Amino acid sequence: MGSRISYGLPKPTPVVRRLLLINLVVFVLQLVARFAFRLELSDYLGATVAAWYEAWRYLTMQFLHSTYSIWHIGLNMLGLYMFGTALEGLWGPRRFLGFYLTCGAVAGATYVGTGMALAVNPNVPIIGASGGVYGLLLACAVLMPHFRVILFIFPVPIRLAAALIFSGAILSILTSVQHGVFSGGFWSEVAHLGGAVTAALWMAGLHYRLGGRLVSGARNRIRKGAWEKKMKAQAEERAEVDRILQKIHDEGINSLTRREKKLLQDATRQQQKEEREIYRA
């Protein structure tokens, strides 16, 4: 009944939960392979120019991460959890999974295609979920402008965060092209933007197929979900007040607990507030 602020994190949706688990399991397998057998799974499962024709690599690369830094998998899984949970809740598991894996696969293909054009070492693989995560970021920025993310320890609107992130990626690529220096950061940003552009094209096509209702439909579903939650909470509150009133009738007001008295007081104040608002109208 009273005003409460919750800092609880949302529960991961089913597909996101499975993706997180698969990524973590594969990461452990990578560590075991590296330290126990001196074997780098990325050489066999990452996307490379030399093995461009092995289509399955564009899928498997998305579940591999660098074993030299925890930040690679940590940040990717954080992005997958935050943006993926929101998007799967909006789109449903099938559309979400297809979108996510497609963005990641095209990110790998973008690296391979660009690597062919710029003569990158054909045996250096690209790995990671970043292409898919960048696609999720763009989709959430378009469909959920109310979303806020932590950027450099500060909470900012998701569209501002997306603008800064994508602008930084584009600037990094242009700087590398200008100086003719194609470092690892350049290739990562190429793949990231490949995932983001795929997301933009996917959503443009979906928007067209839905007759221009993609954004408005998403907003309506978000509002409907919030309204349904509010109505459910109000119904539960009314039921609790009715129970307390019945308890007073049966056992007297002295039988109420401190919590029940507070709930009844809050309900009375809320009713008085609503009545005053009605009189003003």
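Is Arg38 buried or exposed? Arg38 is exposed, with a relative accessible area of 80%. This is a predicted model, so that value, like the others below, is computed from predicted coordinates.

**Confidence**

The protein chain has a mean pLDDT of 84, with 82% of its residues at 70 or more. Residues 1–7 have a pLDDT below 50, and beyond near neighbours in sequence that stretch makes 6 contacts in the model. Where pLDDT is low, the predicted coordinates should not be read in detail.

**Loops and positive phi**

Back to Arg38, which sits in the loop between H1 and H2. Its phi is positive, near 55°, and Arg38 is not a glycine. Most residues other than glycine have a negative phi. Ala119 has a positive phi too, about 55°, again without being a glycine. You'll find Ala119 in the loop between H5 and H6, and it counts as exposed.

Ala55 is another loop residue, placed between helix H2 (42–45) and helix H3 (57–60). Although Ala55 and Ala109 are 54 residues apart along the chain, their C-alpha atoms are separated by 9.3 Å.

| Residue | Relative accessible area | State |
|---|---|---|
| Arg38 | 80% | exposed |
| Ala119 | 65% | exposed |
| Ala55 | 53% | exposed |
| Cys103 | 0% | buried |
| Cys140 | 0% | buried |

**The cores**

Now for the inside. The largest nonpolar core holds 60 residues, and the ones with the most contacts inside it are Leu80, Phe83, Leu87, Phe96 and Phe99. Elements giving two or more residues to this core include helix H1 (14–37), helix H4 (70–91), helix H5 (93–118) and helix H6 (130–143). Strand E1 (148–151), helix H7 (158–179) and helix H8 (184–209) also belong to that list. In soluble globular proteins, nonpolar side chains tend to be buried together.

What is Phe96 in contact with, leaving aside its neighbours within four places in sequence? The partners are Val15, Val16, Leu19, Leu80, Gly84, Leu87, Glu88, Trp91 and Leu136. Two of these, Leu80 and Leu87, are themselves among the residues with the most contacts inside the core.

There is also a second, separate core of 6 residues, with Ile244, Leu263, Leu264 and Ala267 among them.

**Helix H7, side by side**

H7 has 22 residues and reaches 32 Å from its first C-alpha to its last, close to the 32 Å expected at 1.5 Å a residue. Its buried residues are Ile158, Ala161, Ala162, Phe166, Ala169, Ile173 and Ser176. They cover an arc of only 120° around the axis, so they are on the same side of H7. An α-helix has 3.6 residues a turn, so residues three or four places apart point the same way. On the other side of H7, the exposed residues are Leu171, Leu174, Gln178 and His179.

**Cysteines**

How many disulfides does the structure hold? The count is 0. As for individual cysteines, Cys103 is buried at 0% relative accessibility, and Cys140 is buried with a relative accessible area of 0%.

Note on methods: Residues are numbered from 1 along each chain as its sequence is written. Side-chain values use heavy atoms; hydrogens and water are left out. A nonpolar core is a set of buried Ala, Val, Leu, Ile, Met, Phe, Trp, Tyr and Cys residues joined through side-chain atoms within 4.5 Å. Buried means under 20% relative accessible area, exposed over 50%, partly exposed in between (1.4 Å probe, protein chains only). Helices (H or I, at least four residues) and strands (E, at least two) are DSSP runs, numbered from the N terminus. Contact means heavy atoms within 4.5 Å. pLDDT is the predictor's confidence in each residue, from 0 to 100. The expected span of a helix is 1.5 Å times one less than its number of residues. The arc is that of the directions from the helix axis to the C-beta atoms. A disulfide is a pair of cysteine sulfur atoms within 2.5 Å.
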